[in-house]
Amino acid sequence: MMPVTFYEERNFQGRSYDCTGDCGDFSSYMSRCHSCRVHSGCWMMYDQPNYMGNQYFFRRGDYADYMSMFGMSNCIRSCRMIPMHRGSYRMKIYERENFMGQMYEMMDDCDSIMDRYRMSHCQSCHVMDGHWLMYEQPHYRGKMWYFGPGEYRNFSNMGGMIFMSMRRIMDSWY
């Protein structure tokens with residue numbers, strides 16, 4: 001069984017493409033994608049080729065009409081598999097670019113950095129352990145962005161995103 005099967009039409013109809021890993025551009029396999037089945041794993045889907053554009057998080061399940069479900073205006077054009085992480089989660093968030101200003105270390109989900117830390121936004125972060133989703137609005141709403149282990153010095157080069165909440169991608173989601 002393939003980790004993800006993409007279909008040209010809603011309700012798993014039309015031509016299909018079985019995807020086993022990262023795919024930077026679906027156009028050579030299918031002209032459009034309106035539904036998918038995630039057989040295993042957690043995935044970030046992108047509405048532009050080469051992992052660009054808006055990001056959407058998918059985990060195991062059937063998505064018969066994901067565009068309506070997520071309020072998407074463009075269909076999926078590329079995807080990345082998120083590696084499973086077991087163990088602790090640690091991320092430092094910073095008030096300003098280049099790890100400047102107030103810093104807070106997080107080890108669990110945060111539905112509002114304003115409520116928890118009195119921080120109006122964060123402009124950089126360092127993910128030490130785990131995989132995280134960050135959202136532009138409190139309570140895990142609005143546009144999201146995936147962050148794996150690494151240093152992220154400047155969010156302004158990410159389309160001007162401002163992040164207000166963040167959650168861990170847990171191994172139980174796989």
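## Domain layout

The protein chain is divided into domain 1 (4-82) and domain 2 (90-173), with bounds taken from an automatic or database domain assignment. Their centres, taken over C-alpha atoms, are separated by 25 Å.

This is a predicted model: local features need pLDDT of at least 70, side-chain atom pairs count only at pLDDT 80 or more, and totals for chains, interfaces and linings use all residues. Residues are numbered from 1 along each chain as its sequence is written, and side-chain values use heavy atoms, with hydrogens and water left out.

## Interface between the domains

Nine residues of domain 1 are in contact (heavy atoms within 4.5 Å) with eight residues of domain 2. About 860 Å² is buried between domain 1 and domain 2, and carbon and sulfur atoms give 65% of this area. Buried area is the accessible area (1.4 Å probe) that two parts lose on being put together, summed over both. On the side of domain 1, the residues that lose the most area to domain 2 are Gln 55, Phe 57 and Ile 82, together 51% of what that side buries.

For the interface of domain 1 and domain 2, the rule finds zero salt bridges (a side-chain nitrogen of Lys or Arg within 4 Å of a carboxyl oxygen of Asp or Glu).

Strand S3 (35-48) and strand S4 (52-63) are the elements giving two or more residues to the side of domain 1 that touches domain 2; strands are DSSP runs (E, at least two residues), numbered from the N terminus, and helices are runs of H or I with at least four. S4 gives the most to that side, with six residues.

## Annotated spans

The UniProt annotation "domain: Beta/gamma crystallin 'Greek key'", from an unreviewed entry, covers residues 41-83 and 130-170; such annotations may be inferred rather than shown by experiment. Residues 41-83 are 12% helix and 58% strand, with end C-alpha atoms 8 Å apart. Residues 130-170 are 0% helix and 49% strand, and their end C-alpha atoms lie 9 Å apart.
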